[in-house]
Amino acid sequence: MGLERSLLKATWGYNGNLEPLYEVEDLEDLILVTFDLPRVKKEDVEVHTTRNTLEVTARMSNAVCWERWGVVQKKIAFQSFKKQIRLPEPIEPEQVEATLKNGVLRIALPKIRQKVSIKLV
Amino acid sequence: MEEIVRIVEEEETVYTNPIVLEGLPDVGLVGTIAASFIVEKLEYREIGHIESELFPPVMVIHDGRLENPFRIYSDADGRTIVILSEVAVPPKAVYPLTTALADWFRKLEVQQPIISIKGLPMKNRMDIEKPEVFGVGNSASAVAVLKEKQLDLLEEGFIAGTYAMMLRECAKRQISAVSVLAQCYPVYPDPGAAAAAIEVVKKFVTALDVDVAELLENAEEIKLRARDLMQQTTQSAQEMQKGMEQDMPIMYR
């Protein structure tokens with residue numbers, strides 16, 4: 001994919017939410033997801049998971065307020081980050097661990113593993 | 001033949017043995033954040049821009065004024081030149097852009113090393129409090145300068161993107177060039193890495209009297225403003241084989 005993107009695809013919404021920058025890394029036994037969450041404190045982060053999805057909502061300590069900007073051309077404020085991700089493989093929701101450090105949220109989601117030993121013939 | 005990339009100097013600028021700082025977007029937007037901070041704090045004036053049919057057909061508006069996203073700034077004496085962009089460099093533009101810039105540096109008869117301010121992507125950046133800064137030089141004399149400034153060298157590995165080609169194109173023209181690489185988040189804007197890089201660049205440019213404390217204080221605000229450029233740059237970087245920077249060369253010694 002080049003730099004092209006959908007005409008109205010934006011990383012913000014009129015609902016007061018910004019879409020955070022995030023990265024998904026598919027490792028051997030777990031899926032590692034990080035989110036860049038400036039202006040967010042640990043107590044203001046909510047993480048919800050199912051076997052197939054991850055949803056993060058994070059309230060900023062100070063709302064972001066932009067005036068006379070872009071297509072909006074009036075004052076617009078954002079209070080939170082919000083993002084839902086469909087995971088590439090099923091995970092164990094009860095074993096998910098999350099840490100927030102220096103404004104970056106790291107979530108480790110262990111994959112569901114049903115190990116079966118195969119006998120060589 | 002018409003040039004694919006044109007360096008347009010908007011006014012008659014007198015250069016005084018200039019040193020060039022290149023801060024085009026790359027991982028962590030280290031160079032772009034550093035270059036923007038320097039230009040803003042030291043009130044450099046815009047002296048030109050870069051245009052090309054290979055760039056996206058985009059202009060930027062600031063204070064109601066139309067501006068080119070690829071801009072060139074200078075201090076009042078023409079001693080320090082800063083190159084930055086507010087949009088990602090399209091992969092197809094890397095070769096012609098670095099070629100055009102290197103030709104322009106030759107025309108300016110730049111005697112001091114060209115300095116590209118960049119990031120070194122670290123998976124564990126989150127756990128690094130103070131980013132380390134490394135250097136790459138394009139010649140024995142450039143490496144000697146890095147050593148003289150007590151900068152650790154990147155000894156082995158691949159480098160990819162605009163700064164890699166900048167080093168090469170400058171070398172082809174016998175122009176000394178170095179890259180200053182601060183450990184950074186690969187896909188998140190990193191003002192902390194930009195601050196670390198500026199501290200090193202100050203060793204090369206004594207006139208760079210900026211206090212990075214302000215940059216660090218405003219880190220969260222900068223991160224919020226830089227989100228969209230970071231996203232564009234990440235998409236572009238994937239096509240520039242940036243992932244190869246994590247690979248080991250076969251002739252590793």
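Predicted model: local features only at pLDDT ≥ 70, side-chain atom pairs only at ≥ 80, totals over all residues.
In soluble globular proteins, nonpolar side chains tend to be buried together.

Chain B contains an open sheet of 9 strands with mixed pairing, in the order E1-E3-E6-E7-E2-E8-E11-E9-E10. Its edges are formed by strand E1 (5–9) and strand E10 (152–153) of chain B, each of which pairs on one side only. Within this order, strand E2 (residues 19–23) and strand E8 (residues 114–121) of chain B are paired in the parallel sense over 2 bridges, and B:Glu22 stands opposite B:Ser116 in E8(B). Helix H3 of chain B (residues 140–148) lies across strand E9 (133–137), E10 and strand E11 (177–184) of chain B, and runs at about 155° to E9(B).

The contact between the two chains takes 16 residues from chain B and 14 residues from chain A. On the side of chain B that touches chain A, helix H7 (219–225) and helix H8 (227–239) each supply at least two residues, and the largest share, 7 residues, comes from H8(B). By class, this side of chain B has 8 nonpolar, 4 polar and 4 charged residues.

The geometry of H8(B) agrees with expectation, because its 13 residues, at 1.5 Å a residue, should span 18 Å and its end C-alpha atoms are 19 Å apart. The buried residues of this helix are B:Arg227, B:Met230, B:Thr233, B:Ser236 and B:Ala237, and they pack against strand E2 (21–26) of chain A together with H7 of chain B. H8(B) is followed by B:Gln241, for which phi is positive, near 60°.

The strand of chain A against which H8(B) packs, E2(A), belongs to an open sheet of 4 strands with antiparallel pairing, in the order E2-E3-E8-E7 of chain A. E2 and strand E7 (97–101) of chain A stand at the edges of this sheet with a single partner strand each, and therefore one side of each is left without a neighbour in the sheet. The twist from one strand to the next averages 15°. E2(A) runs antiparallel to strand E3 (residues 30–36) of chain A, to which it is joined by 6 bridges; the two strands form a hairpin with 3 residues between them, and A:Val24 stands opposite A:Val33 in E3(A). E7(A) is paired in the antiparallel sense with strand E8 (residues 104–110) of chain A over 5 bridges, with A:Lys101 standing opposite A:Val104 in E8(A).

Elsewhere in chain A, A:Glu67 is found in the loop between strand E5 (53–66) and strand E6 (76–86). A:Glu67 counts as exposed because it has 10 C-beta neighbours inside 10 Å, the cut-off for an exposed residue being 12 or fewer. The C-alpha atoms of A:Glu67 and A:Ala77 are separated by 8.6 Å, although these residues lie 10 residues apart along the chain.

Terms used
Residues numbered from 1 in each chain as written. Chains lettered and ligands numbered in written order. Pairing = 2+ DSSP bridges. Contact = placed C-beta atoms within 7 Å. Axes fitted to C-alpha atoms, helices over the stretch in contact; angles between N-to-C directions. Nonpolar A, V, L, I, M, F, W, Y, C, P; charged D, E, K, R; others polar. Expected span 1.5 Å × (residues − 1). Buried ≥ 20, exposed ≤ 12 C-beta atoms within 10 Å, placed from the backbone.
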